[in-house]
Amino acid sequence: MGDAPERGTKGRDRRPLLYRASRLFEGPPEPPPSLPAPAPYVSRHPLVAAGYAATSVLIAVTYGLGLNFVNANLYQVSGEFSASINEALWLTAAYMAPNASLSLLLVKIRAQFGLRRFAELAIILFIAVNALHLVASGLETAIVARFFAGIVAAPMSTLSFLYLLECFPPDKKMTIGMPLAMVNTALGMPIARLISPTLFDLGGWQPVYLLEVGLALISFALIYKLPLNSPPKVKVLGVMDVVSYLFLAVGFGTLSVVLVMGRYYWWTEAPWLGWLGLASIGSLATVVAIEINRKYPLLDIKWLLSPGVLHFAGVLMLFRILMSEQSSGISGFFQQLGLVNDQQRGLYAVILGATVVGGLICAAVLKPGREPAIHAVSLTLLAVGAYMDSRVTVLTRPEQMYASQAMISVASSLFLAPAMAMGFVNALKKGMNYILSFLVVFLFTQSIGGQIGSALFGTFVVIREKFHSAAIVEHLVSTNPLVAQRIAQLGGAYGKVLTDPILTKAEGTALLAQQATQQAYALAYADAFFVISVASALAAGVLVLKMGWQHFGRVYSKAPALSQQA
């Protein structure tokens, strides 16, 4: 299963030690697995096609609500289980740990066991696991339920994609189907924040998951009545595929936990974060050692490390990090100001509407070759929107951010679909098996990339808040007449319930400290938004320069041919 070893005069293997060690992971010989080609397109009546599209939207919303309900209501959920914020965050970490990588293995599972059986079993497991949330009485059982929810949610995002692409002929799948499918994946976050206040008012945790189970039951009925057009079954899953995936799951899962929890327990304060990071590195290195020596690998490591793929992954990762301005920044900013989801409904309604409009615009203009221009427009919108947000103060309210957040939502819809379509087409040119390698790039940049973006954004805000807080507190000395007057004014609010002037002054001092902290956080978020604006503008500038250079190269290469013809 390899080249003959290079041996010295004494018969000893002289090849590098790392190479010889990696050969231990080759595994037994395997049949050459090849993923089946997509099933042939079947034309359907427009009403039936609309049913498939509606099924896709419903599945996407069901999946998105499960992913975002806890994140959008972390304080309410922590109160529900009488837990601290750090403890409640384990609900998010438990969900993301298995969800970050499972879609990779599911590609081969559905190819081997059939798409229809895969879809029906996936939705049944999703219903069963979400029903477990209804009987979760403590934080520990809720964490276990969230872990299994992360597992069964992975097929749901795939089904949402497949059902929407089923509506379009092959020549429209990438240009129209892909933008609309990407819009579906973005619906969960704004909808969760729009409806969760009402659901929690009805009775806390239970109504949230009753709704999710109900949506899943409707999805099950639609999946059963509207089956996907399934390609033929092919035996593609080998033992070493499972072994490689298990190491990949550990690597992505432990990395997800570190990224979710790191800024709350702080990166250098909790030793277990370092051990989890080390486990992630070791597991991913093992995956590389296994896959690079397989004749029919699950992941083509050499292709993944090629300059073109690394550039593609870097672009996706950069944009996902920049989009943390909306996914993490806005909610965190208003949370520090004391606003709850009920007061931000208008903002998230605008985000939802702009996301849909952006997807429709992308579907209308996306054509092969237009991707760089669309990306340049997207980055420009993101830069302008983030710059508008960088002018926030403690008096900023959601209404002042409608325009900027609408621009950022449109930018998100414009960017991801062309990138996904371009990468998918390039992978298909190499062969069906390269779809798995492309999928791991997309999963890493979107799932792990989103967590990296949130971690970097939150860490930057914490550091800048400490800086601004120190600068503000430095000037808040009680000997300053203005400070003393402000403390007296704030303490006066308690004058009717506190007769002791010392206690009144203490309450006034506490309120002043709270206002100083809010000011420091507002300045920190403004700094973060400004950094994202500058980074987006630089990325747009580099992209425009690259487009100009390529256009100049094409014109210059045609000039000699034209002169010869003349």
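Start by selecting F457 and F529: both are buried (under 20% relative accessible area with a 1.4 Å probe, protein chains only; exposed is over 50%, partly exposed in between). You are looking at a predicted model, in which local features need pLDDT of at least 70 and side-chain atom pairs count only at pLDDT 80 or more, while totals for chains, interfaces and linings use all residues. Residues are numbered from 1 along each chain as its sequence is written, and side-chain values use heavy atoms, without hydrogens and water.

Now widen the selection to F333, F334 and Y525, which ring pairs link with F457 and F529 into a cluster. Rings of Phe, Tyr and Trp (its six-membered ring) pair when their centres lie within 6.5 Å; planes under 30 degrees apart are stacked, over 60 edge-to-face, and the rest tilted.

Next, jump to another of the structure's 10 aromatic pairs. F319 and F415 are stacked, 3.9 Å centre to centre with 5 degrees between the planes. F319 sits in helix α14 (residues 307–322) and F415 in helix α18 (residues 402–430), so the pair ties together parts 96 residues apart in sequence. Helices here are DSSP runs of H or I, at least four residues, numbered from the N terminus. F319 is buried, at 2% relative accessible area, and F415 is buried at 2%.

Last stop: which residues touch L159, beyond its neighbours within four places in sequence? Select I59, F118, A119, A122, I223 and L228 to see these contacts (heavy atoms within 4.5 Å). L159 is among the residues with the most contacts inside the largest nonpolar core, which has 138 residues. Such a core is a set of buried Ala, Val, Leu, Ile, Met, Phe, Trp, Tyr and Cys residues joined through side-chain atoms within 4.5 Å.

Technical notes. Helix = DSSP H or I, 4+ residues; strand = E, 2+ residues; numbered from the N terminus.
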